[in-house]
Each structure stands twice: as structure tokens, then as C-alpha cells.
Amino acid sequence: MITVREPARDIKVINDVDIVVLGGSCTGVFAAVRAARLGAKVAIVEQAGAFGGTAANSFVCIWHSLTDDTYQKQIISGLTEEMIERLKAVPNGMRIRVPKENKWRAPYYSMYVFNTEEMKIELDRMILEAGVTPYLHTRYSAPYIEDGELKAVIIENRSGRAAIRAKFFIDATADGFLGADVGMEVYYHESFQPATTGARVAGWEKLTKPNDILRTDENRLRIGGRAGWEINVPGTKNVSNWCKAQFVGDCSKADILTESEIAGRAQVREMMNILRESDPCGNELSLVALSPMIGIRETRQLKCSYQITGEDICYGRTFDDAIGYCAYPVDVHIPQKPTTFRYLDGWERHSTPSGEIEEIRWRTDDGEYPHYWQIPYRAILPAKIPNLLVCGRCIDSDKDAHGALRVMISLNQTGEAAGVAAFEALTSGKTVQTIDFASFREKMRTGGSIVL
Ligand SMILES: Cc1cc2nc3c(=O)[nH]c(=O)nc-3n(C[C@H](O)[C@H](O)[C@H](O)COP(=O)(O)OP(=O)(O)OC[C@H]3O[C@@H](n4cnc5c(N)ncnc54)[C@H](O)[C@@H]3O)c2cc1C
């Protein structure tokens with residue numbers, strides 16, 4: 001391998017904070033805001049030009065129900081509910097779909113469909129109101145370690161390379177970049193769920209059964225995957241938000257990420273071509289936007305102090321150190337194979353690539369089934385590093401658990417817990433491993449989270 005040597009140089013420290021959060025999806029923003037509202041001095045670093053991560057920048061505009069699977073008991077609140085309220089107050093910021101019995105059953109169909117652009121604005125407001133210092137178009141690039149301790153992060157942006165010093169660090173980059181750089185063990189599941197380029201398309205409503213066209217064997221071959229879902233942008237009848245294209249690979253690697261962006265856009269073009277050729281109104285389709293970032297479902301996980309398993313989820317295992325709750329089913333997508341939805345009530349449904357539904361019982365006993373599952377604090381907690389927490393989709397989980405945890409109503413809670421736990425450690429002079437959990441839970445509760 002040919003190498004060049006970068007000369008050593010001093011780097012300016014541009015900020016010295018209590019807590020720095022890397023990654024600015026709702027997971028990261030909620031971590032930052034929770035800590036700042038408690039009184040910490042917080043900075044947040046995001047490589048894109050807007051906060052919102054996959055939700056806003058990859059057009060994944062759906063949050064699921066905040067209740068258990070009976071719809072009778074609310075189990076999620078905190079900043080997820082606050083964001084829903086904020087978007088409800090904006091004209092066409094949010095559309096609520098009422099739960100109804102259907103082929104997928106609860107809680108899949110109870111959802112909040114948000115306008116991703118309005119969400120970006122609300123996240124800016126939340127950050128500024130809480131007094132968090134934002135760094136947009138700024139990429140975390142390396143840790144700074146002194147005497148064996150994580151002391152700062154090196155960032156890069158238009159003004160060059162600089163350092164942000166902090167006492168505590170929250171890795172919300174989704175791929176666990178900081179965690180991996182400071183030596184946390186990284187692992188992969190046996191296969192990746194696909195990444196998807198988002199698109200906004202006008203004229204979809206004029207077509208006759210376009211999904212049936214896209215899902216024929218021949219057209220799936222042309223697209224190179226299955227055609228995923230679409231949903232109208234709130235307040236519009238003619239702008240369809242597509243999350244349809246699919247690309248499989250480890251998008252935590254630069255070359256594969258580049259390939260995925262180009263392949264995803266080409267798939268959108270191919271779907272438009274197929275519809276233009278096959279439907280009399282196909283030429284009325286107009287491509288309004290492509291997502292600024294491909295949406296990534298899965299790359300790698302970080303080994304923390306506990307790995308959540310599919311059994312923990314499906315049997316609703318309770319944890320003394322629970323930091324969040326959710327009722328979303330195990331949901332694993334594999335291109336050209338049936339998508340699996342494994343529900344808490346014992347049913348497993350498979351959606352075949354051509355759109356049919358198969359149904360089996362995964363649970364054969366007659367035991368009481370749970371109505372929600374829990375996320376333990378240990379799954380976001382590195383075993384050794386005293387001032388680092390991780391949150392978002394890279395938390396410690398096996399393949400099936402990841403399939404359920406990866407939805408945003410769940411991950412948002414991992415961010416909020418990370419922010420509050422970092423504050424708890426900061427103000428009590430403890431490490432993230434030794435915080436007083438009762439005091440942490442009280443802060444979660446008074447900050448708006450449901451603590452069961
Ligand atoms: C097509 C698709 C459909 C989905 N459907 C749904 C759905 O209907 N409902 C649902 O709830 N979930 C859905 N999901 C899953 C969900 O969207 C993701 O699992 C979730 O958004 C991941 O959140 P995160 O905070 O872990 O990561 P991200 O949203 O990816 O956030 C990570 C952030 O960190 C930033 N970042 C990364 N590296 C750096 C760095 N070095 N420096 C600075 N910033 C950095 C990124 O730019 C990004 O903003 C879907 C996912 C996809 C792809």
C-alpha cells in the first residue's frame with residue numbers, strides 16, 4: 001500500500017463543553033437537548049446541513065405508535081411526543097393515521113407521518129431553545145486521547161480541522177464511529193438489511209396499481225430489488241414520498257456508501273422508466289426530489305455491556321435498568337426474500353417480494369404474551385470507557401432484536417437516556433458505569449419520559 005505521511009500539527013480547540021454529541025438525527029438531537037435542559041453545556045456535531053438524520057435527510061417520514069400493542073397504554077413520551085406536538089402545531093407538519101385492523105395488525109399501522117422538512121426546522125428550534133451549540137456540515141473524524149482518557153474529538157468543516165474538548169461523549173453516528181475508534185468491539189449480523197434512496201414523486205396518484213407493476217418478477221429483476229413503500233407528503237394529494245429502492249452492503253465503508261448512493265438513484269430512475277412504459281399516465285410522473293443521503297437500515301453494531309436478543313424482545317423481557325419501551329415487531333427486510341414481521345402476540349407475517357402475505361405462529365405455547373418490550377441501559381453502555389455512551393441503531397443487539405429496535409420511536413429513547421445519563425455522571429462525579437440509577441430515572445421522568 002502506498003502511503004503519505006501527514007505532518008503532526010497543533011489543532012485549535014474551538015469549544016470546551018460538558019457533553020459533546022456526535023450525529024444529529026433525532027437520536028442525537030434528543031440526547032443533546034435532554035442534557036442541555038438539565039443544565040449541561042452541550043455541543044452537537046452533524047455532517048449534513050440539517051439535523052434529522054435518516055428521518056429528515058433520507059425521507060423516512062414515519063413514526064409508529066407511542067402505545068403498547070393494545071393501544072390502551074401509552075409507553076413512550078419524552079421528546080418524541082414533544083416533536084409530534086410541535087409538528088401538529090405546524091400546518092401540514094404531521095398527519096396522524098388512526099390504528100385499524102388490517103392485514104399487518106397493530107402496532108404497524110398506527111403512525112405519525114411527518115413532513116421531513118418541517119421536522120428539520122423544529123429540530124433547529126429545539127437545539128437553539130435548549131442552548132446547545134450546533135455544528136452543521138461538520139464531520140467527526142478522530143478521538144483525542146490523553147493519558148489513556150478520551151478528552152476531545154477532532155472535527156473537520158469548512159473552517160478546517162479543530163478539536164472540541166468535553167467531559168462526556170455521546171456517539172449517535174449510527175455506525176458507531178467514535179466507539180470503534182476508541183477500541184470498542186464492532187460486530188456484524190449475518191446479513192445487512194438494505195439501504196434505500198428516498199425520492200419524492202409527483203403524479204403517482206394518477207397511475208393504476210403502480211405497485212403491482214413494480215412488483216412483477218420481471219420488473220423486480222430490472223430494479224434489482226423489491227419496491228418498498230410510499231406515502232403522501234402530509235397536506236399533499238400528489239406528492240408521494242418513496243422509500244422503494246434497495247441496496248445491500250456495508251454502508252459504513254466509504255466506497256460502498258458511494259456505490260449505494262449511485263445505485264439507489266439509478267433504481268429510482270429505473271422504477272420511473274418502468275412506470276412510464278407500463279402505465280398510460282406514466283409520463284405524468286415527475287421526480288421532485290432525491291434524498292440528500294441514502295437511508296441506511298443496518299451496518300455494524302458495538303459490543304456494549306449487554307446484547308439485547310430477539311427472545312428479549314419477543315417475550316417482553318423486563319430489565320431493572322430499562323431506559324425505553326416499544327411494541328414494534330421484529331421487522332427484517334432481505335431483498336428478494338419475504339420480509340418478516342414477528343409480533344408480540346405470537347403471529348409472524350411474511351410479505352413476499354410480489355406483495356402476498358403468509359402467516360404462521362412463531363409462538364406455540366399458550367402463555368400470556370407481552371404487550372411491549374424494553375431496552376436496558378447496559379445495551380448503550382460501553383463496558384470500560386468511563387465517559388462514553390452510544391445510542392441509535394448500532395447499540396448492542398442481535399439480528400432479530402435490531403429488527404425491532406431500529407425504529408425511531410425506540411432509538412429516540414436511547415438518545416434521551418444517553419443525554420440524561422451523561423448529565424447524571426457529570427454532576428455526581430461518577431462514571432457512566434456507576435451512575436445512581438434511581439436518580440437517573442427520576443431525571444428521565446421529570447424531563448418528560450415515561451418510566452414504567
Ligand atoms: C428506507 C428505510 C425505511 C425505514 N422505515 C422506518 C419507519 O417507517 N419507521 C421507523 O421508525 N424507522 C424506519 N426505518 C429505520 C430508521 O429510520 C433508522 O433505523 C433510524 O432512523 C436510525 O437512526 P439513528 O439515529 O441510529 O441513525 P441516523 O438517522 O442515520 O443518524 C445518524 C446521524 O449521524 C450523522 N453522522 C454519521 N457519521 C458522522 C460523523 N462522522 N460526523 C458527524 N455526523 C455524523 C449522520 O449524518 C446522521 O445524521 C427505516 C429505515 C430506512 C433506511
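Trainee: Which residues come nearest to the ligand?
Mentor: Of the 36 residues around the ligand, those that come nearest are G23, S25, G53, G295 and G392. A residue counts as near if its C-beta atom, placed from the backbone, lies within 6 Å of the molecule. Please note that this is a predicted model, in which local features need pLDDT of at least 70 and side-chain atom pairs count only at pLDDT 80 or more, while totals for chains, interfaces and linings use all residues. Residue numbers run from 1 along each chain as its sequence is written.

Trainee: And which elements give two or more residues to that shell?
Mentor: They are α1 (26-38), α2 (53-57), β3 (62-64), β7 (139-146) and α11 (408-428). Helices (H or I, at least four residues) and strands (E, at least two) are DSSP runs, numbered from the N terminus.

Trainee: What is the shell like by class?
Mentor: The shell around the ligand has 17 nonpolar, 14 polar and five charged residues. Here Ala, Val, Leu, Ile, Met, Phe, Trp, Tyr, Cys and Pro are nonpolar, Asp, Glu, Lys and Arg are charged, and the others, Gly among them, are polar.

Trainee: Changing topic, how is the chain divided into domains?
Mentor: Domain 1 covers 13-190 + 300-329 + 368-446, and domain 2 covers 198-290. These bounds come from an automatic or database domain assignment. The C-alpha centres of domain 1 and domain 2 lie 29 Å apart.

Trainee: How many residues does each domain give to the contact?
Mentor: Domain 1 gives 14 residues and domain 2 gives nine residues, where contact requires C-beta atoms, placed from the backbone, to lie within 7 Å. On the side of domain 1 that touches domain 2, β4 (94-97) and β5 (111-114) are the elements that give two or more residues. That side of domain 1 divides into seven nonpolar, four polar and three charged residues.

Trainee: Now the helices: which residues of α3 and α4 meet?
Mentor: M83, R86 and L87 in α3 meet E118, M119 and E122 in α4. By class, this contact of α3 with α4 has three nonpolar, no polar and three charged residues.

Trainee: Finally, how many helices and strands are there in the chain?
Mentor: The chain has twelve helices and 22 strands. Along its principal axes, the C-alpha trace spans about 65 × 60 × 50 Å.

Key: Contact = placed C-beta atoms within 7 Å.
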